[in-house]
Every structure is written in C-alpha cells, then in structure tokens.
Amino acid sequence: MLLPFLLLAQTSTPAEDLLMVLRPQLELQMTRECEKAVSGPDGSFLNLRSICAEISQPASVCLVEEISRQGSLAQVAREALEGNLGPASLGVASACIERLMQSAKPVWDQEFPVR
C-alpha cells in the first residue's frame, strides 16, 4: 500500500505535490463554474449540467500537469491571487485546451464525420 505513495514521492517535486493536493478543490470549482455557465434555459434543455463534472476531472489533471511541465506555478498563483488571467495562466489554459481537443478528436470525428 505504501509503495505507490513512496514511488510518487520520489518522482514528483514539492510543487507537483502541492498541485495534486489542490486538484480536488480546483476540480470542484471548475464544476461549479461550468454549471453556472450552462445554467440558462438552453443548458437545462440540452442537459449540459450533467457533463460539467466529467469535463472538470480531465481538465484539472491537465492544468496540474501543464503547470508542472511549464514550471509556472509561481506565475499562475500570482495571477490567480491578483484575480486576472495573465500570460502564464493563458499559456497553461491554451495548452490544456489543445490537449483536451486532441484527445476528443477521435470521438468528435466519429460523431460528426466530414463528408
């Protein structure tokens, strides 16, 4: 039981560990924001609220991975505390949007084939 934790501790940085601890809160906040965004009359008609939690999980994982990969934790944290999206936050968001769109492409292509 302890072995996976020890392996994780050996391969991650303190910043990555902090991000992984904060990821559930990030995921919950993303779900709430998504639900607010789709809470209009069209959102309930299309049943968009039900996918908010499904979207927030891979998105939060991507954000943690991208922040760690880009080494931008301090910059993203500063921008978040200032209440704005700055270059570091936008860089992380852009990378995640691109990654998530690429991972959804096979399903999208199957659902909406180009004729």
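# Briefing: Helix Packing, Salt Bridges and Core

Glutamate 65 has a relative accessible area of 38% and is thus classed as partly exposed (buried denotes under 20% relative accessible area, exposed over 50%, and partly exposed the range in between, with a 1.4 Å probe and protein chains only). The model is a predicted one, in which local features require pLDDT of at least 70 and side-chain atom pairs count only at pLDDT 80 or more, whereas totals for chains, interfaces and linings use all residues. Residues are numbered from 1 along each chain as its sequence is written, and side-chain values rest on heavy atoms, with hydrogens and water left out.

**Overall architecture**

- The chain contains 6 helices and 0 strands (DSSP runs numbered from the N terminus: H or I of at least four residues for helices, E of at least two for strands).
- Read from the N terminus, the order of elements is α-α-α-α-α-α.
- Buried residues account for 21% of the 115 residues of the chain.
- Among the contacts in the chain with a separation of 6 or more, 58% join residues 24 or more positions apart (contact: heavy atoms within 4.5 Å).

**Packing of α2 against α4**

- Helix α2, residues 14-37, packs with helix α4, residues 52-70, at an angle of about 145 degrees, and their axes are 8 Å apart (axes are lines fitted to C-alpha atoms, for helices over the stretch in contact, and angles between N-to-C directions run from 0 to 180 degrees).
- On the α2 side, the residues in contact are Glu16, Leu19, Met20, Arg23, Leu26, Glu27, Met30, Thr31, Cys34 and Glu35. On the α4 side, the partners include Cys52, Ala53, Ser56, Gln57, Val61, Leu63, Val64 and Ile67.
- By class, this contact of α2 with α4 comprises 12 nonpolar, 5 polar and 4 charged residues (nonpolar: Ala, Val, Leu, Ile, Met, Phe, Trp, Tyr, Cys and Pro; charged: Asp, Glu, Lys and Arg; polar: the others, Gly among them).
- Valine 64 touches Leu19, Met20 and Arg23 when residues up to four places away in sequence are not counted.

**Salt bridges**

- The side chains of arginine 99 and glutamate 65 form one of them, at 2.4 Å from N to O. Arginine 99 belongs to helix α6 (residues 87-111) and glutamate 65 to helix α4, so this pair ties together parts that are 34 residues apart in sequence.
- Arginine 99 also meets glutamate 66 in a salt bridge, with an N to O distance of 3.1 Å. This pair links distant parts of the chain, with glutamate 66 in helix α4 and arginine 99 in helix α6, 33 residues apart.
- Glutamate 66 is buried, at a relative accessible area of 3%, while arginine 99 is partly exposed at 35%.
- A network of salt bridges links Glu65, Glu66, Arg69 and Arg99.
- A salt bridge joins the side chains of glutamate 33 and lysine 36, at 3.3 Å from N to O. These two residues are about one helical turn from each other because they lie 3 residues apart in helix α2.
- Glutamate 33 is partly exposed, with a relative accessible area of 38%, whereas lysine 36 counts as exposed at 56%.

**Nonpolar core**

- The largest nonpolar core has 9 residues: Leu19, Cys62, Leu63, Val64, Ile67, Val76, Ala88, Val92 and Cys96 (a core is a set of buried Ala, Val, Leu, Ile, Met, Phe, Trp, Tyr and Cys residues joined through side-chain atoms within 4.5 Å).
- Both α4 and α6 supply at least two residues each to this core, and α4 gives the most, with 4 residues.

- Glycine 91 lies in helix α6 and is partly exposed at 28% relative accessibility. From glycine 91 to isoleucine 67, the C-alpha to C-alpha separation is 9.2 Å, and the two are 24 residues apart in sequence.
- Serine 94 is likewise placed in helix α6 and counts as partly exposed at 45% relative accessibility. The C-alpha atoms of serine 94 and leucine 63 are 10.0 Å apart, with 31 residues of separation along the chain.

Key: A salt bridge is a side-chain nitrogen of Lys or Arg within 4 Å of a carboxyl oxygen of Asp or Glu.
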